[in-house]
Each structure stands twice: as structure tokens, then as C-alpha cells.
Amino acid sequence: MLLRHTKPEIKERQVLTINPAKTCQPIGAMYASLGIHNCLPHSHGSQGCCAYHRSTLTRHYKEQVLSGTSSFTEGAAVFGGQSNLVQAIDNIFTVYNPDIIAVHTTCLSETIGDDIPQIIGKAKEEGKIPPGKIVIHTNTPSYAGSHVTGFSNMVASMVSYLSEPGEKRASRANIIPGWVDPADIREIKRLLDMMDIDNIMFPDTSGVLDTPLTGKQEYFPAGGTTIQALRATGKSKITIALGPTSSLAAARLLDTKCKVPYEILDLPIGLEATDAFVDTLRRNFHTDVPDEINGERGRLLNMISNMHQYTYNKRVALWGDPDQLVALTQFLVLLNMKPVYIVTGTPGNNFTDRINTVLKGTVPEVKVLQGQGADMYKMHQWIKQEGVDLLIGNTYGKYIARDENTPFIRAGFPILDRVGHQYFPIVGYKGAMRLCEMILNAFLDKKDRECPEESFELVM
Ligand code: SF4
């Protein structure tokens, strides 16, 4: 089995990455594009890339994911993909009639050096973009960055192409939710509604990748941020960007382009990060926190104190995307757990500093890996040298969990082998309660499976 032969002895590697803790840039761009209402993502490259990106999203969300592709063959690889993209834009508007096409590139079209704005201009000149329809793009070379970089790039492109400045400011927040699942976006919107705060959420994949089964086939589900709302982001009072790795670029651009100030927060995963989110809303909109939200917070505190005896001093290995890892680490520290191994394949500034800030010196033995060479194999080697009590991360950790017989809870992207993440949030106080439930049940399930009969208890 994959990883069964992982050796505990570590040999330094310079150029080899084994099971990287990240995936392709275009997947993130495709996911962000799906958060625009009536949008068809378009992959400018070969069919194989597009099929991989679509299938990864479909396997995670258990929903159909539509995307066009420029279907590069040898000719496009040699002469460039201009004619393929112009033809694709024509076909897509003629056959599928979306409001907007969001083009992202792939390794191949980036290596050729296709100039996408020039090609979009040519399509416009030739009348392939019908009046009122829009084509936007972002560059997503997958030999740099990760799926999170691609997500961030496409969200920034939404601002660059669509946000319009204006004199009048609406008493409204732009919320850039970062790379979270549709259920998390619903939960963030629920908190905003409870605080009665008008908002534009972008991108918004709720209602797109968690649609009800109606018996009707629809190319474009009801959800997603409308183009009108994206244009209006330039006239909002403030932008609240959740997760610097995935949301800061768009928030900064909106400030530069339309003078909308921004606050950057961690993803609201866990008690403290949710407190920061709720407090930022309260401060900026001069509102009180409703009793209902305070009640949810109190119930989370109660749950944390009840389960403390099971979480205290437990060692945890976690991997995934920087923004999730920082917020999860902060929450684990609050639970008096010890996040000892933390791995992300996504490059970017300040990750180790951010992790050290939330650890507050509580785990001096922590090992953090980021970027090129940050892989699951190395993390497994660390675990072989000194084990952990819990694994938290995407599906790829199941091999380590099986090999080491370690409890494993799935969080992050992608989750290919379980359900629930698309419907039940991990953000907000309710999401934190769900995380607590998953952690506690993982420990108790293992105990029930393995304890001697005389210790097999009916009650906790
Ligand atoms: S790494 Fe590049 S070539 Fe491979 S699937 Fe991703 S975009 Fe395509």
C-alpha cells in the first residue's frame, strides 16, 4: 500500500517531492469561478488538465462541475491557442449562454506564453462576445503556487475586471470568504443575517455546489454572486477578507482600485477566530451581538470544557492550506492539544510566523514545513519517529492513518472519500462544535475498538 514502506530515517532531499500537500493552480481558479452566478469556467489548455480539475472538484463536492476547455492538440502547442480560445468563446456563448466566461490558463498555455487579454480582445473584435456578455481571465501556471494561489488569482481578477468605483458608499460589507466549502459560506451568511449586516459575498459557491435534487437538469444553478453585485463591491463601506493567502490579493486590489478599505482576518474556524470575525462586524457596523450568537458561543465553551479531559496534551499532525492550518492550530491550542507537525505545500509569506503566533510558545517541539518539498512523506517520517494521537487533513492522510492506526478526521481540500463537508460547516461557533464532535468521537471510537473488555464502557 502507498506509504507502507515509508522509512523513519530522513535523508535530505533537494529536488524530490513525494505526495505534495497541495494541488494544481487551475483547480482553485475553477472553484472561484463557480462562485459567480451564471458563469462557465474555461480551462485554456489541454483536455486532460480540465478533466483532472473538474473531477477533483466533483469528487470533493459530489456535484457536477461544468467547464469548457480549449482542447489543445499538437497544433496549439506549437502555434499557440488563440484560435482555439476564440472558437471556444463563440461556441460557449452560442450553445450554453452563460452571462460570463472565466478563463484560466494551464502549464501548457503559460509555457507557450498565450496572451489571454489580447485573445479576449480579438474575440470581441470579431463579434464572438455578444452584447452584455463578459469574459474575464486569470493566469494560473501550475508550476508555481498551488490551488490556493489559483483561487486567490481568480478572485483578484473579479475585482480587476468587474468592481466599479463610486462616490457613494453603501453601508455594506464585502465578504471574501477564502477557500471554504458552500456550507461554510452559508454559515458565514447566517451570522451576517443574525447581525443584520448587508453584504456582498464573493465568490459564493453556496447554491452552486450544494444544490437540492429537483429532478431538473440546470447548467447554471441559482447560486453565485451576480455580476451586478460584483460591480457594486467598489461602492461598499468595507471589505472583510478571510484568510490572507486566499483573500488578501483581492481585498488589496479593491482598496487600490475603488478605495474600499479592508480588514484581513483569519478564517473563522474555532472560538478565537470566530470571535475576531464577529467583533470586526460589530465594530464596523456599530451593532450589538445578538443573544442567539452569544448562546451559540456559550454552548461551544460548554462543550470544550466537557471534553477537555480527552483532548489535553494530545499530539496532532495536520496538513492542508495555510489559512485553514493557522485557524485550526489556534483552535487546537485552545483545546490544550499539541499541534506538533504542520505541513502545507502552498508557498507564501509569513506562514511560519503566523503559526508561531497562534502557538504562543505552547509547543516548542513543533515542526513546520511549507512550499516546495513540503510533502506527506516527510510528515509520515516524522510520525514514524515520534507518533501522534490525531491526524487532521484532506483525504490523502488516510494512508498514514491506516499504516499508523491513528485516528483521522478529514478537513480541508480535497475530501474524496467521505460526505458531510459540503453540508455541515466547520466555521463559526457551530462549526467549531462540529470539529469538537469529530475530534472527540475519533478518540472514543479508537478506544472502544481497542480497549480490553474489562475497560469497555457504555458511558464516556
Ligand atoms: S500540473 Fe499543469 S499540466 Fe498538470 S494537470 Fe495541472 S495544469 Fe495541467
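Predicted model: local features only at pLDDT ≥ 70, side-chain atom pairs only at ≥ 80, totals over all residues.

Why is Cys 39 counted as buried? A residue is assigned to that class if 20 or more other C-beta atoms lie within 10 Å of its own, and Cys 39 is buried because it has 25 C-beta neighbours inside 10 Å. When residues up to four places away in sequence are left aside, Cys 39 touches Ser 33, Leu 34, Pro 98, Asp 99, Ile 100, Ala 102 and Gly 224. Gln 217 lies 178 residues from Cys 39 along the chain, and the C-alpha atoms of these two residues are separated by 16 Å.

Ala 76 sits in helix α3, residues 74-79, and it is classed as buried because 22 other C-beta atoms are found within 10 Å. With residues up to four places away in sequence again not counted, Ala 76 touches Ser 70, Gly 81 and Asn 84. Ser 142 is 66 residues from Ala 76 in sequence, with a C-alpha to C-alpha distance of 19 Å.

From here the description turns to the sheets. One of them is an open sheet of four strands in the order β6-β5-β7-β8, paired in parallel. Its edges are taken by β6, residues 199-201, and β8, and because each has a single partner strand, one side of each is left without a neighbour in the sheet. From one strand to the next the twist averages 20°. The parallel strands β7 and β8 are joined by four bridges, and in one pairing Ala 241 has Ile 264 of β8 as its bridge partner. Helix α11, residues 271-285, lies across β7 and β8 and runs at about 165° to β8.

Helix α11 also packs on α13, at an angle of about 120° and with the two axes 7 Å apart. To this contact α11 contributes Leu 271, Glu 272 and Ala 273, while α13 contributes Ala 327, Gln 330, Phe 331 and Leu 334. Sorted by type, the residues of the contact comprise five nonpolar, one polar and one charged.

Helix α10, residues 244-258, is connected with several of these elements. Its buried residues are Pro 244, Thr 245, Ser 246, Ser 247, Leu 248, Ala 249, Ala 250, Ala 251, Leu 253 and Leu 254, and they pack against α7 (147-162), β5 (170-176), β7 (236-242), β8 (262-265) and α13 (322-334). The 15 residues of α10 reach 19 Å from the first C-alpha to the last, close to the 21 Å expected at 1.5 Å a residue. After α10 comes Lys 259, which has a positive phi near 60°. Helix α7, one of the packing partners of α10, has 16 residues and reaches 23 Å between its first and last C-alpha, close to the expected 22 Å. Helix α7 is mostly covered, with 14 of its 16 residues buried.

Another open sheet has five strands, ordered β11-β10-β9-β12-β13 and paired in parallel. The edge strands, β11 (367-370) and β13 (408-410), each pair on one side only, and neighbouring strands are turned by 15° against each other on average, direction ignored. Within this sheet, β9 (residues 315-319) and β12 (residues 390-393) pair in the parallel sense over three bridges. Val 316 stands opposite Leu 390 of β12, and Ala 317 has Leu 391 of β12 as its bridge partner. Strand β12 also pairs with β13 in the parallel sense over three bridges, and there Leu 391 stands opposite Phe 408.

Which way do the residues of β12 point, and are they buried or exposed? In a regular strand the side chains alternate between the two faces of the sheet. In β12, Leu 390 and Ile 392 point one way, Leu 391 and Gly 393 point the other way, and all are buried. Helix α17, residues 428-450, lies across β12 and β13 and runs at about 150° to β13.

Terms used
Residues numbered from 1 in each chain as written. Pairing = 2+ DSSP bridges. Helix = DSSP H or I, 4+ residues; strand = E, 2+ residues; numbered from the N terminus. Axes fitted to C-alpha atoms, helices over the stretch in contact; angles between N-to-C directions. Contact = placed C-beta atoms within 7 Å. Expected span 1.5 Å × (residues − 1). Buried ≥ 20, exposed ≤ 12 C-beta atoms within 10 Å, placed from the backbone. Nonpolar A, V, L, I, M, F, W, Y, C, P; charged D, E, K, R; others polar.
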